[in-house]
Amino acid sequence: CTDADSAILVSKKGLALRFNTDSKQLRASGRASRGVKSIALRDGDSIADMDIIRAADAATDALTSAATTDSESGESDGGDEADDDRHMLVAVTREGFGKRMDVDNFAPKGRGGRGMIAIKFKRETDRLLTLSQAQRSDQLLLITQKGTIVRQSVSAISAQGRAATGVQLQRLDDDDFVASVAIVPPVEEEEPAAEA
């Protein structure tokens, strides 16, 4: 990552912290070093996931947002096509709930803080599994502990605020849970070659 990028870390209890990766916040250190404290975790909590928010992606998202705003006022024809390129964060819990959120919902703060709510849970036993970047045109692949695989469009997942619980992405048996999540880019279909 570069000095212009930012990192976002999320805990299993649903707290997220985004901070810049410049040399002021994240100094370079050797392999044997412990590094620097990224997020202050509460008792019983641990890191669930992390991602790098690229500055180039953030700049593109800002331009996309401006084009969408202009199109809403009738000044541009960007619309949904421009929104497909916008980077979102997709949160998925172990009990199969999930939602989409705008990356801008998590403004960069100083590292070492406790973080802000990224998701609320319907049950106290639920935990956040992942908070990953995706585009509306991507696919979300959910794999349960029992081996069930579900693939769905990111655009089909409800966009909600940070304090929402999300929607049920996968109905699970009582003794099953989501074990893994992957973001899959859209597959471009090749046109068959014309016969001569």
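Of the 196 residues of the protein, 36% count as buried. Please keep in mind as you look around that this is a predicted model. The secondary structure comes to two helices and 11 strands. Read from the N terminus on, the elements follow the order β-β-β-α-α-β-β-β-β-β-β-β-β. Among contacts with a separation of 6 or more, 72% are between residues 24 or more positions apart.

Strand 5 (residues 97-102) runs antiparallel to strand 10, and two bridges join them. In one of the pairs, Phe97 has Gln168 of strand 10 as its bridge partner.

Strand 5 also holds Arg100. Is Arg100 buried or exposed? With a relative accessibility of 7%, Arg100 counts as buried, because the cut-off for buried is under 20%. A polar atom of the Arg100 side chain lies 3.3 Å from the backbone oxygen of Val154. Beyond its neighbours within four places in sequence, Arg100 is in contact with several residues, including Met88, Leu89, Val90, Arg136, Ser155 and Gln160.

Next, turn to strand 8 (139-144), whose side chains alternate along the strand. Leu140, Leu142 and Thr144 point to one face and are buried.

Strand 8 pairs with strand 9 (149-153) in the antiparallel sense, over five bridges. Within this pairing, Leu141 stands opposite Arg151 of strand 9. Strand 8 also pairs in the antiparallel sense with strand 11, here over six bridges. Gln139 has Val184 of strand 11 as its bridge partner.

Strand 8 and strand 9 make a hairpin with four residues between the strands, where Gly147 takes a positive phi near 100 degrees. Gly147 is partly exposed, with a relative accessible area of 47%. The C-alpha atoms of Gly147 and Ala179 are separated by 8.9 Å, although these residues are 32 residues apart along the chain.

### Charged pairs

Side chains of opposite charge can pair when their charged atoms come close. How many salt bridges does the count come to? The count comes to four salt bridges.

| Arg54 | Asp5 | 3.2 Å |

The side chains of Arg54 and Asp5 meet in a salt bridge. Arg54 lies in the loop between strand 3 (47-53) and helix 1 (55-72) and Asp5 in the segment before strand 1 (6-11), so this pair ties together parts that are 49 residues apart in sequence. Arg54 counts as partly exposed at 38% relative accessibility, while Asp5 is buried with a relative accessible area of 3%.

Arg123 lies in the loop between strand 6 (116-117) and strand 7, and Glu95 in the loop between strand 4 (87-93) and strand 5, so the pair ties together parts that are 28 residues apart in sequence. Arg123 counts as partly exposed at 46% relative accessibility, and Glu95 is buried with a relative accessible area of 19%.

Asp173 is in the loop between strand 10 and strand 11 (178-184) and Lys146 in the loop between strand 8 and strand 9, so the pair ties together parts that are 27 residues apart in sequence. Both residues are partly exposed: Asp173 has a relative accessible area of 47%, and Lys146 has a relative accessibility of 44%. Salt bridges that share partners join Lys146, Asp173 and Asp175 into one network.

### Aromatic rings

Finally, a word on the rings. The count of aromatic pairs comes to zero. One ring does have a charge over it: the charged end of Arg94 sits over the ring of Phe177, 4.0 Å from its centre.

Methods: Residues are numbered from 1 along each chain as its sequence is written. This is a predicted model: local features need pLDDT of at least 70, side-chain atom pairs count only at pLDDT 80 or more; totals for chains, interfaces and linings use all residues. Side-chain values use heavy atoms; hydrogens and water are left out. Rings of Phe, Tyr and Trp (its six-membered ring) pair if their centres lie within 6.5 Å; planes under 30 degrees apart count as stacked, over 60 as edge-to-face and the rest as tilted. A charge sits over a ring if NZ of Lys or CZ of Arg is within 6 Å of the ring centre and within 35 degrees of the ring normal. Two strands pair if DSSP finds at least two bridges between them. Buried means under 20% relative accessible area, exposed over 50%, partly exposed in between (1.4 Å probe, protein chains only). A polar contact is a pair of N or O atoms within 3.5 Å; within protein, one must be able to donate a hydrogen and the other to accept it, and residues adjacent in sequence count only if both atoms are side-chain atoms. Contact means heavy atoms within 4.5 Å.
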